[in-house]
Every structure is written in C-alpha cells, then in structure tokens.
Amino acid sequence: MDNYLDINKNSWNARVEPHLGSDFYFVDEFLKGRNSLNSIELDLLGDVKGKSILHLQCHFGQDSISLSRMGAKVTGIDLSDKAIDAARELAGKCITDTKFICTDIYNLPNVLNEKFDIVFTSYGTIGWLPDLERWANVVSHFVKPDGYFIMAEFHPVVWMYDDDFEGVAYNYFNEKPIVETSEGTYADQSANIVQDYVSWNHPLSDVLQNLMDKDLILENFREFDWSPYACFRHVEEFEKGKWRITKFGNKIPLVYAIKAKKR
C-alpha cells in the first residue's frame, strides 16, 4: 500500500469538519475550559507542569491543548493538514502556546530537532501505521534519557470483530493491510462522508517488544474492560464516562495503557 498516506490523509481531512461540530468532541465546552484527557492517561502522566511533551497523531489538538493548560510545553503532530489548521485555530481561541506540525510520523525526525520529557499518544493511533519498528524508533528518538513514553490505545482484541461484534472478522496479528470504505465517522455516524482508508492490526507483542528493543523500559502496563469513548456500535454506559460493548460486558479488554522509561 504505497499510497496509504494519501488515502488516510484524505480520510482524516474529510472528518475534521464533522468532528468539530459533533457532541463527541464537545468543542464549545472545551473552549470554556473542559479537559479532554481521561483518567487512564492522566494517571500515567501525573504532574506535567513544566514538562516538554510531544503528542503524536494529535488530530485537531484537544489533548495537546489540554496538556498545555496543565502547564506543559506541548508540540502536537498530525498527518492531516486540515486537522492541524483547526488545531492552531483552537489553540489561539484557548490562548495557549501549543505548537503544531503537519507531517507523517515516520518523517518527523526530518522536520523536528528537539527532545522531550514525555512522548504521548492515545486512542486510535497506531492502527494507521504499517510498521511498529519504525514507529518505536521515532518514539525513542524523541524521548530524553530518563524521559517517558505514555500511551493509551484501543485493545487489539476489539479490532478482531466486525463492526456489529457478531463474529471475528479480522486477524489479531498484522497479516496484511486492511483496506475498507466507511460511511460517516465514529464521532458522528450520520455524517455525510464516505471515505476509503487503510489500517493495520497490531498485536500487543509487537507494541511491547518494539518499544523494549528501542531502549524503552516498561514500567506500567494496564488493560481495561471499558472505554472512555462511545465510539463503537452497541455500547452501554455502565458508569459515568465508562462504556462497554453490551453483549460482552466486562469479558473482553477495550483499552490498554503503557508507561515506559527511556534507558
């Protein structure tokens, strides 16, 4: 899939406008000061005041800006130029100094010459990347010695199922690119967009081993039987802000989180 970057950039560019207007991203509340980060990642991040943070695949920057509001010096990067334009506009409205760069993550070392206390990524990010060895190399490149990589991500078990969770439709392992066409978007199923996209499933072993191979020492690994987002079909909110797939209850993991220290 030599053209996967173009396909996915077009897909994410098409999502920016409906996402900005969706309840999922609560932009009006965000402008009034609501923090977009969840307890899962906040617990691992701790006090970020005065820390430098690189936020990979930041979409239109809500989490990046939230980290800035918490006192961090933040740089967010994303493939989508429309998302980065929206992020810069949002940061201006929020009166933060959050910096944003539009680039493919694999190209980032060619356009950014800086090291960070924390490299951060969250929710629906690595599935757009074909090669986790290259990804882990980028992560390690930007983390200062004794700095941290922190990640919250949807669990690969979830991506094995079809959209209605009626059966296993995809390989748990990274067998090949998954090329599909989607209508609407996770933030607004009724959005009038139809987009092609290319993604990859990555087992936990690939995530963890590639990070460890790049001198990142695992300090904390957690799995959760709930998601902070109602971004899947057929979910129920069993506690405030905690969602599960109704038919599975607490039987499968939906999210995992990692904290690793640079050797």
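In this predicted model, Tyr 161 is buried, at a relative accessible area of 18%. The cut-off for buried is under 20%, so the value of 18% places Tyr 161 in that class. Phe 248 is also buried, with a relative accessible area of 13%. Tyr 161 and Phe 248 form an aromatic pair. Tyr 161 belongs to the loop between β5 (143-154) and β6 (178-183). Phe 248 belongs to the loop between β10 and β11 (255-262). The pair therefore ties together parts that are 87 residues apart in sequence.

Across the whole structure, the search finds 23 aromatic pairs. One of them joins Trp 128 to Tyr 197 in an edge-to-face arrangement. Here the distance is 5.7 Å centre to centre, with 75 degrees between the planes. This pair, too, links distant parts of the chain. Trp 128 sits in the loop between β4 (116-122) and α6 (132-142), whereas Tyr 197 is in strand β7 (residues 194-199). The two are 69 residues apart. Trp 128 is buried at 17% relative accessible area. Tyr 197 is buried at 16%.

Charged side chains also meet aromatic rings. The charged end of Arg 134 sits over the ring of Tyr 106, 3.9 Å from its centre. Lys 259 lies over the face of Tyr 148, at 4.6 Å from the ring centre.

A hairpin is formed by β9 and β10, with 2 residues between the strands. Strand β9 covers residues 235-239 and strand β10 covers residues 242-245. They pair in the antiparallel sense over 4 bridges. Glu 239 stands opposite Lys 242 in β10. In the turn, Gly 241 has a positive phi of about 80 degrees.

The largest cavity has a volume of about 30 Å³. Its lining consists of Leu 208, Leu 211, Met 212, Leu 216, Leu 218 and Ala 260. By class, these are 6 nonpolar residues, with no polar and no charged ones. Helix α7 (204-213) and strand β8 (216-224) each supply at least two lining residues. The largest share, 3 residues, comes from α7.

Key. Residues are numbered from 1 along each chain as its sequence is written. This is a predicted model: local features need pLDDT of at least 70, side-chain atom pairs count only at pLDDT 80 or more; totals for chains, interfaces and linings use all residues. Side-chain values use heavy atoms; hydrogens and water are left out. On a 1 Å grid over the protein atoms alone, a cavity is a set of points where a 1.4 Å probe fits but cannot get out, and a pocket is an open set with protein on both sides within 12 Å along at least five of seven lines; lining residues have an atom within 4 Å of a point. Grid points are joined across faces, edges and corners, and a volume is the space filled by probe spheres set on the points. Ala, Val, Leu, Ile, Met, Phe, Trp, Tyr, Cys and Pro count as nonpolar, Asp, Glu, Lys and Arg as charged, and the others, Gly among them, as polar. Two strands pair if DSSP finds at least two bridges between them. Rings of Phe, Tyr and Trp (its six-membered ring) pair if their centres lie within 6.5 Å; planes under 30 degrees apart count as stacked, over 60 as edge-to-face and the rest as tilted. Buried means under 20% relative accessible area, exposed over 50%, partly exposed in between (1.4 Å probe, protein chains only). A charge sits over a ring if NZ of Lys or CZ of Arg is within 6 Å of the ring centre and within 35 degrees of the ring normal.
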